[in-house]
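Here is a short briefing to read alongside the model. Please keep the viewer open as you go through the points below.

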Amino acid sequence: MSLRREQLLHRLRVDGHASSAGISGATHRIPQTGTRRGPVNPTARWPERLEHIATLLRADAVAVIYANPSGLETIFSHRLAAPVNWATVLGADAFGRAERGAFVTAVPAGRWSASASFAIVAPIESWNGEALLCALRQEVPFDAVDAMGAAAAARLLEMSALEGRSFAEVLRQSAALEERVQMMSGMGDELARARDVGALLAHAAQEVARRMGAEAASIMVVEGDRLRLRGSVGLPASAAVGDGQRVGQGIAGWVARSGEKMILRGRVDDARFSGMDPDARESVIVPLREGSDVLGVLNVKRPGTADGFADRQEL
């Protein structure tokens, strides 16, 4: 799947897709990619939306298509049973024509169905002309009123996509907030039971690693002009509680001095960051603050999944 197509699907927030000339039932399946964690907006119901659009336009089939370097491709569809050569059906200049607004065109026999048919095309402008709404009909031509209806339907699809995106973002933020509350609640319980600060920080490092899906995490505390390791999980045996370095030295020292979060991915060739774990793959290093004062540094590294820490860096 090309990057542009993946981005378009992400914006549409669809869970199903058709690469679908003939007429059949709705087709709507989208292959899962390694970078997605399941449906973003399971309420989108795009195939149903296309079914309603087909009814309103009195169309035999409806599809949303986009342009990639190899040609025009179906994103999802209603009642298209087989792959359609859109360049043959609509012409290679379909996107250029759609920039001027919705249009109606005749489709010669054999290009979509055995007999002559007709198409109406409207741009989905949220994607700067990258996507088109296309309705197909046999025997009876579309007219100017149908063109106006197709343009309105395309606009409704744009609005639905934007609403779905907003809804998905609200769900994501709500889940992140709930997880933060659970984490803080658990740490509060541990604080009440902890006999010393060291035990609390060790548990905090373990909890952060578990929540982030990391193989290692550590907490260093500013003590005078030095940072000292006070809690960790997953570090090499050579890393002992109490080990320290100067504030400003190394990556943790830099974060402590600057007060800025840092995210590192892959190999790091920088003299400031000597001592980096060569197997870290990805590290998130954040300052621990009280007001404007930096009290320490949290380092989370070696994510347990291929897509790294993804959007969990704010947790």
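Two strands count as paired here if DSSP finds at least two bridges between them. With that in hand, welcome to a predicted model of a chain with 315 residues, of which 42% count as buried. The chain holds seven helices and 11 strands. Its accessible surface comes to about 16,500 Å², and carbon and sulfur atoms account for 53% of that.

**Confidence**

- The mean pLDDT of the chain is 75, with 67% of the residues at 70 or more.
- Residues 8-22 have a pLDDT below 50, and in the model this stretch makes 71 contacts beyond near neighbours in sequence.
- Residues 24-43 also have a pLDDT below 50, and this stretch makes 49 contacts beyond near neighbours in sequence.
- Please read the placement of these two stretches with those values in mind.

**The five-stranded sheet**

- Five strands form an open sheet in the order β2-β1-β5-β4-β3, and their pairing is antiparallel.
- The edges are β2 (71-78) and β3 (103-107), each of which pairs on one side only.
- From one strand to the next, the twist averages 30 degrees.
- Helix α2, residues 46-57, packs on this sheet and touches β1, β2 and β5 (131-138). The direction of α2 makes about 90 degrees with that of β2.

**The β1-β2 hairpin**

- β1 and β2 form a hairpin, with two residues between them.
- Strand β1 (residues 61-68) runs antiparallel to β2, and seven bridges join the two.
- Which residue of β2 is the bridge partner of isoleucine 65? The partner is threonine 74.
- Alanine 67 has its bridge partner in β2 as well, namely leucine 72.
- As a reminder, strands of a sheet pair through backbone hydrogen bonds, either parallel or antiparallel.
- β2 is an edge strand, and yet it is mostly covered, with six of its eight residues buried.

**Nonpolar cores**

- The largest nonpolar core has 25 residues. Leu50, Ile53, Val62, Val64, Leu133 and Leu157 have the most contacts inside it.
- At least two residues of this core come from each of α2, β1, β2, β4 (117-124), β5 and α5 (144-193).
- Helix α5 gives the most to this core, supplying six residues.
- What does leucine 50 touch, leaving aside its neighbours within four places in sequence? Leucine 50 is in contact with Val62, Val64, Phe76, Ser77, His78, Leu133 and Leu157.
- Another core lies apart from the largest one and has 21 residues, including Val84, Leu90, Ala98 and Phe103.

**Two loop residues with positive phi**

- Most residues other than glycine have a negative phi, which makes the next two worth a look.
- Arginine 79 has a phi near 65 degrees, a positive value in a residue other than glycine. Arginine 79 sits in the loop between β2 and α3 (86-90).
- Is arginine 79 buried or partly exposed? Arginine 79 counts as partly exposed because its relative accessibility is 32%, between the 20% and 50% cut-offs.
- Glutamate 139 has a phi near 75 degrees, again a positive value in a residue other than glycine. The place of glutamate 139 is the loop between β5 and α5.
- With a relative accessible area of 67%, glutamate 139 is exposed, as the cut-off for that is over 50%.

Methods:
Residues numbered from 1 in each chain as written. Predicted model: local features only at pLDDT ≥ 70, side-chain atom pairs only at ≥ 80, totals over all residues. Heavy atoms only, no water. pLDDT = per-residue confidence, 0-100. Contact = heavy atoms within 4.5 Å. Helix = DSSP H or I, 4+ residues; strand = E, 2+ residues; numbered from the N terminus. Axes fitted to C-alpha atoms, helices over the stretch in contact; angles between N-to-C directions. Core = buried A, V, L, I, M, F, W, Y, C linked by side-chain atoms within 4.5 Å. Buried < 20%, exposed > 50% of the residue type's maximum accessible area, 1.4 Å probe, protein only. Areas by Shrake-Rupley, 256 points an atom, 1.4 Å probe, with all protein chains shown as cover.
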